[in-house]
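Subject: A structure to look at

Hi,

Here is the structure I wanted to pass on to you. Have a look at it first, and then read on for what turned up.

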Amino acid sequence: MPNLKLIPVIAIAAIMLASPLTAAQKNGAVAQDFKLTDMFGKTVQLSKFRGKTVVLEWHNPGCPFVQKHYGGGNMQAAQAAARKQGVVWLTVNSGAEGKQGHMTGPEAQVLAKKQGAAASHYLLDMNGVVGKAYGAKTTPHMYIIDGSGKLVYQGGIDDKPTANPADIRTARNHVTAALGEIKAGKTVSVAQSRPYGCSVKYAS
């Protein structure tokens, strides 16, 4: 691996640490560590949260499926409830420049304030390095990493794969349910589901 100190900082949009992710996409494997810059320009490293449960949420504000969950406050409520439990919630935007949903830091700040988002950090992954490594396919695409650093859930936010906000009321929120099970010391009963939403708008 190249000496990262020799790489100009301005050229680094994301750094995947250790070897390229392979088995980490499988539940039970240790999640690949990474560093990303958040909307305030702060570097956030996944492994710094070891010992805490972490939620990864892939985001595209222009996607109707994302709007379904943010428009009525469903995602914000899930974020706030998770954080009250001590969970770290990382919202990741892998939209490439010029593609739907791409955001700069200042744009993300404005949106987060407007929507009342309650994530711990909004992370920018414009080169798609982290998104591709994790195999993020849709917005939203959700992942949960337990305190030991292992992936314990991946898939959709719930079991109603539509863009209709009315379906939220009768849906099973897989993320909220999994977090409750983890807090109770139980095994996650639904550890994987089909992600749904808009495709992540990678550069290529």
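Strand E4 and strand E5 (residues 88–93) run parallel, with five bridges joining them. One of the residue pairings across these two strands is that of Val 55 with its bridge partner in E5, Trp 89. Please keep in mind that this is a predicted model.

E4 also pairs with strand E8 (residues 142–145), this time antiparallel and through four bridges. Here Leu 56 stands opposite Tyr 143 of E8.

Is E4 itself buried or exposed? Five of the five residues of this strand (residues 54–58) are buried, so E4 is largely enclosed by the rest of the structure. In a regular strand, side chains alternate between the two faces of the sheet. In E4, Val 54, Leu 56 and Trp 58 point one way, while Val 55 and Glu 57 point the other way, and all of them are buried.

Next, the aromatic residues. The structure holds five aromatic pairs.

Phe 65 lies in helix H1 (residues 64–71), and Tyr 196 in the loop between helix H5 (174–183) and strand E10 (198–199), so the pair ties together parts that are 131 residues apart in sequence. Tyr 196 is buried, with a relative accessible area of 4%.

Which residues form an aromatic cluster with Trp 58 and Tyr 143? Phe 34 and Tyr 134 do, and the four make one cluster.

Now for the cysteines. A search of the whole structure finds one disulfide. This disulfide joins Cys 63 to Cys 198, with an S to S distance of 2.2 Å. The torsion about the S-S bond is about 90°, so the disulfide is right-handed. Cys 63 lies in the loop between E4 and H1, and Cys 198 in strand E10, so the pair ties together parts that are 135 residues apart in sequence. Cys 63 and Cys 198 are both buried.

Finally, a look at helix H2 (residues 74–84). Its buried residues are Asn 74, Met 75, Gln 76, Ala 78, Gln 79 and Ala 82. What do they pack against? Their partners are E4, H1, E5, helix H3 (105–115) and H5. Ala 80 is also found in H2, but this residue counts as partly exposed, because its relative accessibility is 30%. The C-alpha atoms of Ala 80 and Gly 116 are separated by 10.0 Å, and the two residues are 36 residues apart along the chain. Just after H2, Gly 86 takes a positive phi of about 90°.

Enjoy exploring!

Best wishes

How values were computed:
Residues numbered from 1 in each chain as written. Predicted model: local features only at pLDDT ≥ 70, side-chain atom pairs only at ≥ 80, totals over all residues. Heavy atoms only, no water. Buried < 20%, exposed > 50% of the residue type's maximum accessible area, 1.4 Å probe, protein only. Pairing = 2+ DSSP bridges. Phe/Tyr/Trp six-rings, centres within 6.5 Å; stacked < 30°, edge-to-face > 60°. Disulfide = S-S within 2.5 Å. Contact = heavy atoms within 4.5 Å.
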